[in-house]
Amino acid sequence: MSTFIDIKYALRLLFKAPKFTAMTLAVLIGGLSISLFTFSFLYSTMYKDIPLPNGDTMLSVNAEFNGAFQILNSYEFSVIKDQQTVLSEFGVYDKNDFRLSFDDSGKNVFGTYVDEGFFTFSSTKAIQGRTLQKADMAANAAPVAVISSQLWKNDYSSNKNIIGKTIIVNDIVTEIIGVMPQGYRFPGSSHLWLPIKSSMIKTSPKNANIVYLYGRIKPGISKAKAEQTLSQQLNALYQQSVTQYNLEKGTKSVQLLTFPFAQMGGQGTIIFTFLNVIAGMILLLACINVGNLLLARAIERQKETAIRAALGASSHRLVSQLMWEGIIITVLGGVLSVLLVGAALHYTNIILHSWNADALVFWWQWGMDKETLLMAIAFTLVTIFLSSFLPAWRSANQDINTTLRDGTRGAQGKKAGRLSRYLVTTQVFLVAILMLIGSMSAYVSHKFVNLEMGDDYSNVMTARMDLPSNKYPEAQQQIAFYQRLMADIKNHPKVVDVVTNNWLGSLSLTLDGVDYTDENSKPTVDTISVIGSTDTVGVDLVDGRFFDHQDKAGNRKVAIISQSMANRYWPGEAVVGKSFTLKVNDNNEKLFIVGVVTNRMNPATMLGKLNSADEIYISALQFMTSYQILYYRISGNLINSEEIFYQALYKTDRTIDLFYAVQPAEKNRGLMRDTMQLTSNLTFTTGFFALMLALVGIYGLTANSVAQRTHEIGIRRAVGATDKSIVQMFLKQGAKQLIIGLGLALIIFVLIAFGFNKMSEGIFPAYLYLVIGATVVIGLSVIVMLAIYAPTRRAVKMEPSSALRYE
Amino acid sequence: MTTLIELTGISKTFLTEEIETRAIDSVNLVIKKGEYISLSGQSGCGKSTLLSLLGLLDSSTHGSYKLEGVDVSSLSRDQRAKIRSEQIGFVFQSFNLISDLTVFENVMLPLTYQSGLTKSVIETKVQQVLEKVEMSHRKDHFPSQLSGGQQQRVAVARALVNDPAIILADEPTGNLDSKNAETVLTLLDKLHQEGSTICMVTHDPASAKRAERCLEMFDGRLIADNINVKNNATAMPTPELAVG
Ligand SMILES: Nc1ncnc2c1ncn2[C@@H]1O[C@H](COP(=O)(O)OP(=O)(O)OP(=O)(O)O)[C@@H](O)[C@H]1O
Ligand SMILES: [Mg+2]
């Protein structure tokens, strides 16, 4: 009965102050929604079991080498497969991009080479025909494929007689033997499954290739035990190779990860924790503000509470009475947040799937689920504890006597004041951290979005490939392959020009007539080997000439350098004809400059200025590598222009596998830009919300403490304080909290910046951190001071005689 | 004796939620230096309001107010604050000490709002007035640790610390028992003998009699102004009666 009266009373109070109720609700919903959304999104992305039968026991087998995530190679797999005793299933697959040809057009799909255990492992049967079997893996077996439901629907109109029909995969006529059920895209976003041949799993340590491994632990064996056993075997194997093949020293261990986790490169925990901590901070800010608003109400009713206590109410009764208001509003906020987050997740799911449906792994489905609901309940309870229970408890346990005696007015003032000061400091601290991290990430994203690359990828198509060393062991054979391929592509009437690039990394440069104390004092310059003219990708000639077919082995070795390099080492001079020495493949090569080209952003200096790093181009005919990135420029639209490449490739050598499907060169960049833009916007919105929260919070806290001290202000004014001195008193108080909060935040920021700077290898200049730090300090100071000034100013305007009457 | 305060045609009207309250209605009053005045009248007649006006805690709606010959009715807020800190001492019924400050800090407060005082000057001054009210042994206590009478003595010390031209006391004994009240009244007597100008609001006829001049108010007006002969042998010229 008494509870019922308390609830009725709380509801009456909430209805009586609709503005207060609305503001509290808004703060609550904002804080709860942000943290709930972050949690749910990340949880679905990383921690949910794969939606397949026995999905909870499906593991991806990976390695860790000196702390870094790695994928095992085929040699390690073949040895450990025979040795291991802890896995009941252990198999291999290889992800790839495949070209499907239909008449004179075609399309690219993600596909997987799988072994005979793959479909058993994923506990799924075909809905038409059969899955792959041991016999299909044989070297001389007829080529067969299993296709996804989606492919069957879209390209074969769900033809009931699909089994036995053929499909042209990478120019090989392949028989379709099965169709998988709707939604099955394992191991990620596969639409096509082909048998893995033993030739794809090289078992000699020398030419081993990277393979993806799946496994399932035998019942009764713990994950830790399994990892430990496998790690011992893998490390023993690696230590043998270290001495035998002179490999990098270190320890290798096995990591058994869930597929979603392996998808994140094993880095999931850090990201998950980091983002959740940020979201948690926002929730904490919201809690502080709601708590403060409720505390203000409790203080207003302090006298009433004291009277009730004097009349015999137990402290339990008082706490619950004061809490109901908070409980009602928090529960309401929690319910509304769940609805809001549910809608937001639903739309995020739609947007992300519309963006790049084919590339998204099939277990990425975002929406309201059991885990999110449980988390919502947990968050709501935490909020109730922080923002309702604590203030109510504090208020109920006040000293009745001092409050009622009222001799000195607001005997609780000191404690309340201290609490309010702590809260202001905490708010400043949290917001400063959020703003610092936010501006850093916004800056990084902004930088990426507006990156000036120095090249022109419009109308350019790109493909990456590596020539198998057994088929193309000699540089001459490789050169012949690429020259034939490029000539074929260029022959097409739509193609303007073709070029290949391969980034060789930063190579050590020796200039004529300069004394270097040692190897380390030599500058290093980003070097790219090229066949063809770089103006294909918008890197234009400024002086001299591009490479031609004469720049080959045996002739004088040549180089083209970027404008920035010419200006750096030969300012004001003509550089064509000059020479320098570059360490290529451990040989010091003397190179003669034949041309100068415009600057270009290279991968190593992604965030610097266009001219902050230099490029050297060398002729691939003189320094050949089997791996190349090929670019070709199209005149007119890009429709079907990838077919030009495949036609040429199949004519030259149909067995070459591509790293990525042929695609517009802009595509990856565009995707990266979109992602960065989204990140930047999200960070900005979140940061802005946090700032608004803090603004409201600090304003509220100050207004509250000013109100509590109105009487004191009256006394001070009565004995001669000027308006200015009163305002100053509050500002000084605020400044103290501001300095503490900001100081703590800056210390943490310095640590983060230090770590980030190390991680990013110093791509950001040190002054950037200073600028961000200074901007946040100044910006936040101004805002906090305004939030303190406004309510103080208002209180001071009151005549001292009225302030003295104020209760 | 020289004139300290001269009020001419002072009125004060409060406007709250469209209800107009005329708290002070055309009051004329002259206060001489060294006078001890008591102000009485029934509840709500405007005593506290008049005291607020005298102490520049509020400004009048009409009329002029001269303090030591200077017209202060149209001063800015800061100028009025300066006068309060230098020339006026307040004692309230509810003591009005700041709970977060110690006795010493409370008493020191008016001096902190004056400019050009050194720390040692302030400390000696505070020590001096605390001794005068016999509270120096409690200077590090907080107000909540003191009895009502002790708190009021501290409040008197605070009113004295800036050597004010006038001490304004609004029912200083209203919250005290008779013993404590006597202490405070004796203190005021002593101050008067030392030459302070005092204006005290009181309900208690006995307390009022201790003053040399008794004013009485009714409904915002001054209705009586009597010299208390028994208390003051050297009678003054009949003061101007101020019933507007
Ligand atoms: N700030 C104010 N706003 C509105 N009305 C006021 C205000 N201050 C005083 N009054 C009104 O002015 C009149 C005089 O009030 P005042 O406090 O001066 O009375 P008082 O003589 O001191 O009474 P008491 O002996 O009860 O203290 C009263 O009617 C009061 O309601
Ligand atoms: Mg009064």
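Entry one, the ligand. I began with His203(B), where a polar side-chain atom lies 3.2 Å from an oxygen atom of ligand 1; I count a polar contact as a pair of N or O atoms within 3.5 Å, and within protein one must be able to donate a hydrogen and the other to accept it, while residues adjacent in sequence count only if both atoms are side-chain atoms. The protein covers 73% of the 630 Å² of accessible area that ligand 1 has on its own (Shrake-Rupley method, 1.4 Å probe; for residues, only the protein chains shown count as cover).

A note to myself on the ground rules. This is a predicted model, in which local features need pLDDT of at least 70 and side-chain atom pairs count only at pLDDT 80 or more, whereas totals for chains, interfaces and linings use all residues. Residues are numbered from 1 along each chain as its sequence is written, chains are lettered from A and ligands numbered from 1 in the order in which they are written, and side-chain values use heavy atoms, with hydrogens and water left out.

Back to the ligand. I found the backbone at work too: a polar backbone atom of Gly46(B) is 3.0 Å from an oxygen atom of ligand 1, and a backbone N or O atom of Cys45(B) lies 3.3 Å from one.

Entry two, the shell. Where does ligand 1 lie? I see ligand 1 between chains A and B, with 14 residues around it (a residue is near if one of its heavy atoms lies within 4 Å). Ser43(B), Gly44(B), Lys47(B), Ser48(B) and Thr49(B) come nearest. I sorted the shell into three nonpolar, eight polar and three charged residues; here Ala, Val, Leu, Ile, Met, Phe, Trp, Tyr, Cys and Pro are nonpolar, Asp, Glu, Lys and Arg charged, and the others, Gly among them, polar.

Which element gives the most to this shell? That is α1(B), with three residues. In chain B, β1 (3–16), β2 (19–32) and α1 (47–54) each supply at least two (helices are DSSP runs of H or I with at least four residues, strands runs of E with at least two, numbered from the N terminus).

Entry three, the sheet. I followed β2 and β1 of chain B into an open sheet of four strands, antiparallel, in the order β2-β1-β4-β5 (two strands pair if DSSP finds at least two bridges between them). β2 and β5 (70–71) of chain B each have a single partner strand, so one side of each is left without a neighbour in the sheet. Between β1(B) and β4(B) (residues 62–67) I noted five bridges, and Ile5(B) has Leu67(B) as its bridge partner in β4(B).

Most residues other than glycine have a negative phi, and most peptide bonds are trans. Phe95(B) has a positive phi, near 65°, and sits in the loop between β6 (88–91) and α3 (103–112) of chain B. Is Phe95(B) buried or exposed? It is buried, at 5% relative accessible area (buried is under 20%, exposed over 50%, partly exposed in between, with a 1.4 Å probe and protein chains only). Glu171(B) has phi near 45° and is buried as well, at 15%. In chain A, the peptide bond from Phe186(A) to Pro187(A) is cis, with omega near 10°.
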